[in-house]
Every structure is written in C-alpha cells, then in structure tokens.
Amino acid sequence: MTPFPEDIDRTAFAHWLSGFVAGEGCFYLGWARLKTYPRPKAIFTIQLRADDIEILQQIRSYFGCGKPIRVNKRKASKPVSAYSVNTNADAYNIICPHFTKFPLLAKKQHDFLIWKEAVEYIHAIALENTQLKWTPKRRGHINKLILALKKQREFIHPEPSE
C-alpha cells in the first residue's frame with residue numbers, strides 16, 4: 001500500500017473525504033452465507049468510474065485498510081472501480097472513528113449511524129468466545145438494522161414550497 005502523501009494535510013483531506021463519501025459512498029449491511037451459518041457483514045464502499053481509481057488508492061492510503069478493485073458490472077457500461085472495506089475490525093477501528101470525528105453533513109449521516117450501530121454490535125458479539133454467537137434474537141437485531149437502513153434510503157418527496 002502506498003503511504004499517504006506527506007504534502008497533503010490529513011485533517012483537510014479527512015473533511016474533504018467525508019463530503020465526498022456523502023455523495024459517492026455506501027454503507028452496506030447484509031448477511032454472508034457460509035456453509036455452517038449466516039454471518040452479518042458490514043461493508044463500506046466507494047464506487048467510481050475506473051479512470052478515477054487514483055483517488056480510491058489515495059483514500060486507501062489515508063485509511064490504511066481496504067482495497068481498490070475493478071468492478072465489471074455490464075458489458076455495455078463503462079468500467080467501474082471501487083474501494084471497499086470488508087472486515088468488521090477495520091470498520092470498527094478505522095471507518096467508524098473517522099466518520100464520528102468528521103461527520104457526514106448530508107442524509108447519508110443517518111445511513112452511517114445505523115451502519116455504525118451494526119458494526120459495534122457485530123464487534124461486541126465477535127468478542128464472545130462461544131459457538132452460539134448468532135442466536136435468532138441477535139440475527140433479528142441485525143435484520144432490524146438492515147431494514148432500518150433500507151427504509152432510511154427511501155426517497156422522500158419534498159413538500160412544495162409556497
């Protein structure tokens with residue numbers, strides 16, 4: 001991983017990054033289907049045209065985690081690149097603290113707060129030393145957060161101004 005450039009102010013970049021994520025980022029919650037049992041997953045991604053991969057690499061160097069990847073959506077569309085943080089440890093230790101310190105100023109802040117609650121819950125469960133981590137009650141809690149995140153993303157038509 002390329003180190004973050006020393007000539008860029010990290011605090012200024014952090015503020016810019018939060019604004020950028022408000023428009024281009026995604027906080028995803030879902031379930032990974034494993035052979036033995038489902039496991040919740042919280043993923044942070046930014047997806048851009050493939051010719052913008054350099055900024056995704058710079059974001060990766062800023063966070064010090066995750067990976068930029070090339071995404072092939074459809075043959076007819078332009079190539080896409082994404083930066084993705086897939087591990088809950090990185091989400092908990094790096095991504096959540098960043099957006100807590102440098103909050104999103106748009107509607108996506110509400111997405112983040114729901115996602116952060118799930119990340120913290122998954123982290124707490126992961127600390128337990130038991131095979132019965134994802135009981136029906138715990139799965140239900142994650143499912144409520146998944147539904148809350150979907151509901152949060154619904155478009156609300158603004159009231160006409162007078």
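1. Contact here means heavy atoms within 4.5 Å. On that basis, and leaving aside neighbours within four places in sequence, Tyr37 is in contact with Ala32 and Trp134.

2. The model is predicted, so that local features need pLDDT of at least 70 and side-chain atom pairs count only at pLDDT 80 or more, while totals for chains, interfaces and linings use all residues. Residues are numbered from 1 along each chain as its sequence is written, and side-chain values use heavy atoms, with hydrogens and water left out.

3. Tyr37 sits in the loop between strand S1 (25-33) and S2, where strands are DSSP runs of E with at least two residues and helices are runs of H or I with at least four, numbered from the N terminus. Tyr37 is partly exposed, with a relative accessible area of 41%, because that class lies between buried (under 20%) and exposed (over 50%), for a 1.4 Å probe and protein chains only.

4. The lining comprises 20 residues, of which Tyr37, Arg39, Pro40, Lys133 and Trp134 lie nearest the centre of the pocket. Two or more residues each come from strand S2 (38-49), helix H3 (88-101) and helix H4 (108-126), and S2 gives the most, with 5 residues.

5. Gln152, in helix H5 (residues 136-152), is buried, with a relative accessible area of 17%. Apart from neighbours within four places in sequence, Gln152 is in contact with Lys107, His110, Asp111 and Ile114.

How values were computed:
1 Å grid on protein atoms, 1.4 Å probe; cavity = no way out; pocket = protein on both sides within 12 Å on 5 of 7 lines; lining within 4 Å.
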